[in-house]
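Colleague: I'd like to learn how to read a model like this one. Could you walk me through it, feature by feature?

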Amino acid sequence: IMSAKSEPVAFTEELIYKECIRMHAYRWMKGYQDQTIVQYLEFNGGALISHFCTKYGSHVVAGDLDRKITEFIN
């Protein structure tokens with residue numbers, strides 16, 4: 001992937017994970033507050049969340065999402 005100045009942009013799995021959690025935190029806050037974090041991840045997580053749940057464990061991903069939502073609320 002190249003930026004506007006044609007410099008390479010490095011995406012690490014860690015950066016993708018952090019962005020994925022951030023995006024899902026905003027999404028949950030916008031329209032899914034009637035679901036628990038686990039319900040939200042099960043029904044709306046998608047392929048990347050599924051990958052990270054397999055890699056890190058569902059409890060870690062759910063905890064990270066919950067912490068990010070709390071961070072945004074505070």
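Predicted model: local features only at pLDDT ≥ 70, side-chain atom pairs only at ≥ 80, totals over all residues.

Colleague: What makes a pair a polar contact?

Modeller: Two N or O atoms within 3.5 Å; within protein, one must be able to donate a hydrogen and the other to accept it, and residues adjacent in sequence count only if both atoms are side-chain atoms. Another case here joins the side chains of asparagine 44 and glutamine 35 at 3.1 Å.

Colleague: Is histidine 24 buried or exposed?

Modeller: Buried means under 20% relative accessible area, exposed over 50%, and partly exposed in between, with a 1.4 Å probe and protein chains only. Histidine 24 is buried at 4%, and asparagine 44 also counts as buried, at 17%.

Colleague: Which residues is histidine 24 in contact with?

Modeller: Contact means heavy atoms within 4.5 Å. Skipping neighbours within four places in sequence, histidine 24 is in contact with Tyr40, Asn44, Gly45, Ile49 and Leu65.

Colleague: Which residues touch the most other members of the largest nonpolar core?

Modeller: A nonpolar core is a set of buried Ala, Val, Leu, Ile, Met, Phe, Trp, Tyr and Cys residues joined through side-chain atoms within 4.5 Å. The largest one has 15 residues, and Ile21, Ile37, Leu41, Ile49, Val61, Leu65 and Ile69 touch the most other members. H1 gives the most to this core, with five residues. Helices are DSSP runs (H or I, at least four residues), numbered from the N terminus.

Colleague: And which helix gives the most to the lining of the largest pocket?

Modeller: On a 1 Å grid over the protein atoms alone, a pocket is an open set of points where a 1.4 Å probe fits, with protein on both sides within 12 Å along at least five of seven lines; lining residues have an atom within 4 Å of a point. H3 gives the most, with four residues. The lining includes Leu41, Gly45 and Ile49.

Key: Residues numbered from 1 in each chain as written. Heavy atoms only, no water. Helix = DSSP H or I, 4+ residues; strand = E, 2+ residues; numbered from the N terminus.
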